[in-house]
Amino acid sequence: MVASIGAALALGAGGTVHARGRSPFGRYGSPAARLDGRTLYVHPGGLGDHTTIQAAVNAVNEGGYSGYTLVIAPGTYRETVAVGPALTEMTWLGASEDARDVVIVYDNANGTPKPGGGTYGTTGSATTTVQADGFTARDLTFSNDWLRADHPEITGTQAVALKVQGDRSAFLHCRFLGHQDTLYADSMALGVFARQYFAHCYAEGDVDFVFGRATAVFEHCHFRTLNRTDRTAAPYGFVFAPSTAVANPRGYLVTDSRVTSEAPDAFYKVARPWVPSSDTTARPMLTVRETRLGAGIDAVEPYTNMSDTYPWQSQRFAEYRNSGPGAEITDPANRPQLTRAEAAAHTRKAYLGDWRPYERRI
């Protein structure tokens with residue numbers, strides 16, 4: 001896979017030229033100038049190997065190989081996509097190198113009725129599900145455009161854009177759009193640790209829109225809290241809801257990032273701990289360091305409980321050298337701060353160990 005990507009960069013914009021005079025796959029070549037047998041091209045108008053992303057994933061699955069690269073042309077792909085555990089070391093590349101141009105979107109929610117009966121549930125609502133290890137995505141948008149206002153009859157309003165469970169999963173220059181439970185950074189099972197890396201990404205939502213039990217590093221990311229018309233009082237929601245297993249020494253790390261809001265000032269919390277019924281021993285962990293917290297964050301009480309049975313004060317929440325109006329310390333008891341020595345254990349390298357996706361060039 002690495003060799004094929006390198007070849008793509010060397011090839012430049014060659015290959016099949018479409019009506020506008022340039023390849024829809026940009027510098028990544030084209031089917032006519034295929035890099036190798038493990039590169040597939042997706043184009044909604046039929047200029048690639050497949051017109052949908054799931055069809056390309058299915059083709060890889062039938063081949064029984066790992067290490068495939070999908071080059072995805074600009075377009076809106078209204079479909080659900082699932083990458084099973086066997087399809088390891090897969091890479092998805094947005095051909096235009098602008099995440100806004102390649103959008104994978106669907107509109108299932110937790111309470112959406114399934115054709116065969118029942119509802120999808122939170123996990124089943126995901127537009128894209130990635131279970132394989134070694135997955136990398138660059139320059140893509142993952143979206144769930146289900147809206148509460150359009151479905152007042154549905155009370156299960158969680159609507160996931162991306163659920164990622166594999167170890168060594170990297171997302172670079174990607175966007176994650178939704179409302180409740182936008183980005184589900186999780187693992188395959190309780191007791192299975194999964195390292196994930198998000199760099200230069202954008203995520204938006206309103207309730208627990210970054211959540212799960214993965215060991216996840218968010219570096220140089222932008223989190224934006226949305227306005228709500230269905231609520232008139234604070235809080236509108238929570239940015240993070242980690243559910244880290246008690247045995248996992250590393251949960252979520254947010255570093256060199258920013259949180260902005262389109263909602264009224266102080267109407268959002270930084271986080272609340274999620275202790276799911278499937279793991280009542282969970283001890284959620286979140287460290288936010290050297291990050292700018294905008295006025296949308298409640299600086300007086302930035303954390304709250306999801307359940308009074310598991311108060312946030314007994315979880316692993318901490319901050320270090322944050323800035324902005326939402327980071328003002330008015331009551332030290334409400335904002336646990338790391339010392340300089342403690343902060344040395346909360347770094348990208350400490351969380352990801354011997355896996356270094358930030359050194360990989362694609």
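In S24, Leu293 is the bridge partner of Val259, and this contact belongs to a parallel pairing in which two bridges join S21 to S24. Strands here are DSSP runs of E with at least two residues, helices are runs of H or I with at least four, and both are numbered from the N terminus; two strands pair if DSSP finds at least two bridges between them. The model is a predicted one, in which local features need pLDDT of at least 70 and side-chain atom pairs count only at pLDDT 80 or more, while totals for chains, interfaces and linings use all residues. Residues are numbered from 1 along each chain as its sequence is written, and side-chain values use heavy atoms, with hydrogens and water left out.

The S21–S24 pair sits within an open sheet of eight strands with parallel pairing, in the order S3-S6-S9-S12-S15-S18-S21-S24. Strand S3 (75–78) and strand S24 (292–293) are at its edges with a single partner strand each, so one side of each has no neighbour in the sheet. As a reminder, strands of a sheet pair through backbone hydrogen bonds, either parallel or antiparallel.

A further open sheet, also with parallel pairing, is formed by 10 strands in the order S1-S2-S5-S8-S11-S14-S17-S20-S23-S25. Its edge strands, S1 (39–42) and S25 (316–320), each pair on one side only. From one strand to the next the twist averages 10°, with axes taken as lines fitted to C-alpha atoms and angles running from 0 to 180 degrees between N-to-C directions. At one end of this order, S1 and strand S2 (residues 69–72) pair in the parallel sense over four bridges, and Val42 has Ile72 in S2 as its bridge partner. Ile72 and Met306 are 234 residues apart in sequence and 39 Å apart in space, C-alpha to C-alpha. Met306 is placed in the loop between S24 and S25 and is partly exposed, at a relative accessible area of 31%; buried means under 20%, exposed over 50% and partly exposed in between, using a 1.4 Å probe and protein chains only.

The backbone holds some details worth a look, given that most residues other than glycine have a negative phi, and most peptide bonds are trans. Arg168, not a glycine, has a positive phi of about 55°; this residue lies in the loop between strand S10 (162–164) and strand S11 (169–172) and is partly exposed at 24% relative accessibility. Asp256 likewise has a positive phi, of about 50°, and is found between strand S20 (252–255) and strand S21 (258–261), partly exposed at 36%. The peptide bond from Ala234 to Pro235 is cis, with omega near -5°, and Pro235 belongs to the loop between strand S18 (222–225) and strand S19 (237–242).

The second largest pocket holds about 170 Å³ of space. Its lining consists of Leu147, Arg148, Ala149, His179, Asp206, Asn227, Arg228, Thr229 and Asp230. A pocket is an open set of points on a 1 Å grid over the protein atoms alone, where a 1.4 Å probe fits, with protein on both sides within 12 Å along at least five of seven lines; lining residues have an atom within 4 Å of a point.

According to the unreviewed UniProt entry, the annotation "domain: Pectinesterase catalytic" covers residues 42–352. Over this range the chain is 8% helix and 32% strand, with the end C-alpha atoms 31 Å apart.

Notes
Points joined across faces, edges and corners; volume = space filled by probe spheres on them. UniProt positions renumbered as here; feature names shortened; annotations may be inferred.
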